[in-house]
Amino acid sequence: MANYKADQEDILFNLNDVLNVSQFEKYGFDAGSVKEILIECDKFVENEIYPTRQESDEQGVKMTPKGVVVPECLHKANKGYYDMGWYALGIAEDIGGTPVPEALSAACRSLSTGANTAWSMYPGLTKGAMNVMRLVGDDFVKSTFIPKIMTGTWGGTMCLTEAGAGSDVGNLKTTATPVDSKSGWYKIKGTKIFISSGESDLYENNIHLVLARTPGADAGTKGISLFAVPRFNVNEDGSLGDSNDVTCASVEHKMGIHASATSVMNFGDEGLCEGYLVGKEFDGMQNMFIMMNEARLDCGMQGESQANLAYELTKQYVSERTQFKTELINHPDIRKMMLKMRAMSRGLRSLILYTANLFDKAEEDKKYEDYVGLLTPICKSFCTEQGFNVAVDAVQAHGGYGYCTEYGIEQFVRDIKIATIYEGTNGIQAIDFVMRKILKDKGNALKAISEEIFHSSNNLSDEFTFEKGIFSRAFAASQEAMGYIGKHASAGNMNFVLQSAKDFLDLSSHIVVAWRLMKSAMVAHEQLETATGERKVFLESKIVDFKIYCSQYLVQSIATAKSIVSVEEDFSNYSI
């Protein structure tokens, strides 16, 4: 069985050489500081988190008379994650966090997410819920819940989905009725399903962010408000009281992420559940989107991180396993597969880290906020789908051993797949991308980032003549596809727009990822002149990544564009 290994050199190359995260003076970091933090985080992940991956998957979560119990091995890892300060990394200093460049924070989260995705969802969702409380909660919310969350004593979730609503959040039935004697408090009643980390014994208390409708509120999403609902009541001195009438009815039996408690949560079966209003009444969806957008980026990270770890484990296997008197890596089809896996997984990493870095850049130039909005559905959809594909190739490269559980490779396939579904299916991401991020925006953000990409491709040296040509053709094809979508949108033919949305998201994703690999290749090309030894080998691999991606993946965007513009029929007219 292969040993855990992260590609530290590639991560640091992205952070220090391509993104130059040390440029943000407010953090006071240099390249050495960035490297030190990343290496220490990777050591913790290797020694404490990765060993729990298969064990926790095999044991899964269990319903008991005392509540949901997670695999015992997760307790030590979770406690160490908080005690060693890794949870606090990237969190605002005013609540006890350790501010670092956003891309460095993302790189560290990626390492832990890839090592055990199911476990990572507990602190991940907790952080997302806490950020909502910090940004829109009042003083009571901040002082009551956040300190306990920061220490790892309490956890957090978000509760949107209901059986009758699903992705149609505006159709929810959960109600919130004001408590006359307690300002800000409401009686909560309803049932939420598919709640990740809904209940566990990792934390003494869970603070659920629940979407509900107050009396007389408008129908749809406009009438929804957001409430902080503790699993156990909190006494005035901060100690825990009795149950807040919040119960876990069941946990789902799933294809993957077995150690994550995906729960059916009942609120107010006995009429005793109370929640505190977070933000203003009727701003529930707007406030929850703070957490949802963060979760969507984290979903993309789930695909990216597992793809990169799956590649590293597979690389070890094919370099050692002998077939037909030579190692597997020496067979042309296997080598090509591995080159494609590396180019894609590194490309996904470069996209995730670039997007994280935009949060820091947006403080200096607001246009980057639009970039984040545009790239969020790309990160969520493309990284999860392509991460899944890399995991499938990893199983294939392992042959029969990959299909068996002992090597831990098939777990990547099972664990990644859900990321294409939750936090808004990838089809919903495509609709958001086309309808809200492009058409509603009148294409401004898309135009701005496209101009950057076009400028970069025009600056490619003669060594990249083929790749420059592919970029030119991909751009032309994407513009033709955008023209097709724009034409039908203007004519009100929305079925044509919607049936093309996913394809347009995919072709746009290929162009963006190829661009990020291009930027890496350009930096590597400059550094090659003075590089020697292993550094030279690494820099050459960055150039190969770009070339492989262009010849094997970017070309697909041209064909995808053709599949959009060649359609003259509304697919809804076809019977199934």
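A residue counts as buried when its relative accessible area is under 20%, as exposed when that area is over 50%, and as partly exposed in between, using a 1.4 Å probe and protein chains only. With that in hand, E369 counts as partly exposed, at 44% relative accessibility.

Welcome to this structure! It is a predicted model, in which local features need pLDDT of at least 70 and side-chain atom pairs count only at pLDDT 80 or more, while totals for chains, interfaces and linings use all residues. Residues are numbered from 1 along each chain as its sequence is written, and side-chain values use heavy atoms, with hydrogens and water left out.

**The nonpolar core**

- A nonpolar core is a set of buried Ala, Val, Leu, Ile, Met, Phe, Trp, Tyr and Cys residues joined through side-chain atoms within 4.5 Å.
- The largest such core here has 191 residues, and the members that touch the most others are L209, F471 and F504.
- Helix α16, residues 494-527, supplies the largest share of this core, with 16 residues. Helices (H or I, at least four residues) and strands (E, at least two) are DSSP runs, numbered from the N terminus.
- What does L209 touch, leaving aside its neighbours within four places in sequence? Its contacts include A129, V132, M133, L226, F227 and M291. Contact here means heavy atoms within 4.5 Å.

**Two helices side by side**

- Helix α1 (residues 8-18) packs against helix α2 (residues 31-49) at an angle of about 145°, and their axes are 11 Å apart. Axes are lines fitted to C-alpha atoms, for helices over the stretch in contact, and angles run from 0 to 180 degrees between N-to-C directions.
- On the α1 side, the contact is made by Q8, I11, L12, L15 and N16. On the α2 side, A31, V34, K35, L38, I39 and D42 take part.
- By type, the residues of this contact divide into seven nonpolar, two polar and two charged. In this sorting, Ala, Val, Leu, Ile, Met, Phe, Trp, Tyr, Cys and Pro count as nonpolar, Asp, Glu, Lys and Arg as charged, and the others, Gly among them, as polar.
- The loop between α1 and α2 holds N20. Phi of N20 is near 50°, a positive value in a residue other than glycine, and N20 is partly exposed, with a relative accessible area of 38%.

**Salt bridges**

- Side chains of opposite charge can pair when their charged atoms come close. A salt bridge is a side-chain nitrogen of Lys or Arg within 4 Å of a carboxyl oxygen of Asp or Glu.
- How many salt bridges does the structure hold? There are 29.
- D10 and R346 form one of them, at 3.8 Å from N to O. This pair links distant parts of the chain, with D10 in helix α1 and R346 in helix α9 (residues 332-361), 336 residues apart.
- Both D10 and R346 are buried. They also belong to a network of salt bridges that links D7, D10, R342, R346, R349, K542 and D545.
- K43 and E40 meet in a salt bridge at 3.4 Å, N to O. These two residues are three apart in helix α2, so about one helical turn separates them.
- K43 is partly exposed at 44% relative accessible area, and E40 is partly exposed at 38%.
- K366 forms a salt bridge with E369, and their closest N and O atoms are 3.3 Å apart. K366 is exposed, with a relative accessible area of 54%.

- Is W86 buried or exposed? W86 is buried, with a relative accessible area of 12%. This residue lies in the loop between α4 (73-83) and α5 (102-115).
- Not counting residues up to four places away in sequence, W86 touches I37, E40, C41, F44 and Y81.
- S478 sits in helix α15 and counts as buried at 11% relative accessibility. Leaving aside neighbours within four places in sequence, S478 is in contact with F504, L507, I511 and A561.
- S490 also lies in helix α15, which covers residues 465-490, but S490 counts as exposed at 70% relative accessibility.
- S490 and D545 are 55 residues apart in sequence and 40 Å apart in space, C-alpha to C-alpha.
- F324 lies in the loop between β13 (322-323) and β14 (326-327). F324 counts as exposed at 75% relative accessibility, and its phi is near 55°, a positive value in a residue other than glycine.
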